[in-house]
Amino acid sequence: MAHETGIAPTDDLKSKIAESKSTDQLRVLKVIIDNEQLLFSQSVPTSSSFSEDFNKLGEVVEDSTPCYLLIRTDHSNSYGYEWILITYVPVSSKTREKMLYSSTKPALKREFGGNQLKTEYFATEKSDLTHESYSLSQDRSEKPFTEQEIELAKVKEQERQAMRGLGEKVKLSSNISFPPTEAALDVISDFRSGAANFAQFVIDGKNEIIESVVSKSNLSAEDVDSMVPRDRATYNLFRIPVSASDGFIKDQPVIFIHGISNGSGVKEKMLFSSCKSTFMQLLTGEDVGLEIDRKVEVDINDDGVSADFILNEFRVKEKTQKKGFAKPRAPGRQFAAPKV
């Protein structure tokens, strides 16, 4: 399931996209993410054939800076020339950048439109940006979209738009995906790297985003309870500063705490419950790769989050030895003592 960032294209980028789709004079459109926006970075004119221009893409990108590349093919359908969307994310990119470019791609695809996007390609180094590498990555049996496939895609998109328009008229689904803000992605990245050992997130239902509200380093288990508010629901990540040598299951285990508040309205409780699964998928998925050892729900008003509660989740349980059943002695014959 896609987790989008809420980052949108600027008006300038929208104009460049429209311009590039209306001419055969442009071959490449370079797009970057900056200041929580999708920005137009560079365009490259058509100079030769598609394959030859493709082989020049290495000159357009930087070794360690992610970007999107939209390259026009020499093939067309009834909507115009077909394009390829390339996501270039070098291996050396920070985790936050990898998450950001993965999560923002759907917004760029929506703006460009699916009718002229033939396929996608992912590159991690300049050597991937050759026509040979691209060709090898594609299914040899792949064919361009037929007219029927294009029309079917349009119908499905109209159905999705209609469903979005229902808004509050439909019941909330069991899994909802709200995008984390760029600041929230920064906090997640800091937590993953160990720069922070406590992070707290809330849902902004009005804007349909997940925000970070607290990030702490060197927080102790005794201090967690005071960090969790009593008047609203929260998601909390805590890396516990303990070690296996002290009787815990591992060094610095991680707990995810869903704080449930009596002060939350019904809608907020439903949102936190429905978004939790997809938020967990983001945290533990390939892009972040966070290992979460325990997931708990806590009624923060009645129970709180005491240090004992947290630590007991990770203490090694002592194994008690079971005593075997003592078989009673068989009754013996009673002999009277001899009289003297």
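Between which strand and which helix is the loop that holds Val 89 found? Val 89 belongs to the loop between strand S5 (80-88) and helix H3 (95-112), where helices (H or I, at least four residues) and strands (E, at least two) are DSSP runs numbered from the N terminus. The model is a predicted one, in which local features need pLDDT of at least 70 and side-chain atom pairs count only at pLDDT 80 or more, while totals for chains, interfaces and linings use all residues. Residues are numbered from 1 along each chain as its sequence is written, and side-chain values use heavy atoms, with hydrogens and water left out.

View 1. Val 89 is buried, with a relative accessible area of 5% (buried means under 20% relative accessible area, exposed over 50%, and partly exposed in between, with a 1.4 Å probe and protein chains only). Leaving aside neighbours within four places in sequence, Val 89 is in contact (heavy atoms within 4.5 Å) with Pro 66, Lys 98, Tyr 101, Phe 122, Ala 123 and Thr 124. Tyr 101 is twelve residues from Val 89 along the chain, and the C-alpha atoms of the two are separated by 7.7 Å.

**View 2. The second largest pocket, with a space of about 290 Å³.** A pocket is, on a 1 Å grid over the protein atoms alone, an open set of points where a 1.4 Å probe fits, with protein on both sides within 12 Å along at least five of seven lines, and its lining residues have an atom within 4 Å of a point. Grid points are joined across faces, edges and corners, and the volume is the space filled by probe spheres set on the points. The lining comprises 14 residues, of which Lys 98, Ser 102, Phe 122, Glu 286 and Asp 287 lie nearest the centre of the pocket. H3 gives the most to this lining, with five residues. By class, the lining has five nonpolar, four polar and five charged residues.

**View 3. Strand S4 (residues 67-77) and its pairing with S2 and S5.** Eight of the eleven residues of S4 are buried, so this strand is largely enclosed by the rest of the structure. Strand S2 (residues 26-34) pairs with S4 in the antiparallel sense over four bridges (two strands pair if DSSP finds at least two bridges between them), and the bridge partner of Lys 30 in S4 is Leu 69. S4 and S5 also run antiparallel, joined by eight bridges, with Arg 72 opposite Trp 83 in S5. A hairpin through two residues joins S4 to S5.

**View 4. The open sheet of five strands, in the order S8-S7-S9-S10-S11.** The pairing in this sheet is mixed, and its edge strands, S8 and strand S11 (294-299), each pair on one side only. Strand S9 (residues 234-239) and strand S10 (residues 254-260) pair in the antiparallel sense over six bridges, and Leu 237 stands opposite Phe 256 in S10.

How values were computed
Ala, Val, Leu, Ile, Met, Phe, Trp, Tyr, Cys and Pro count as nonpolar, Asp, Glu, Lys and Arg as charged, and the others, Gly among them, as polar.
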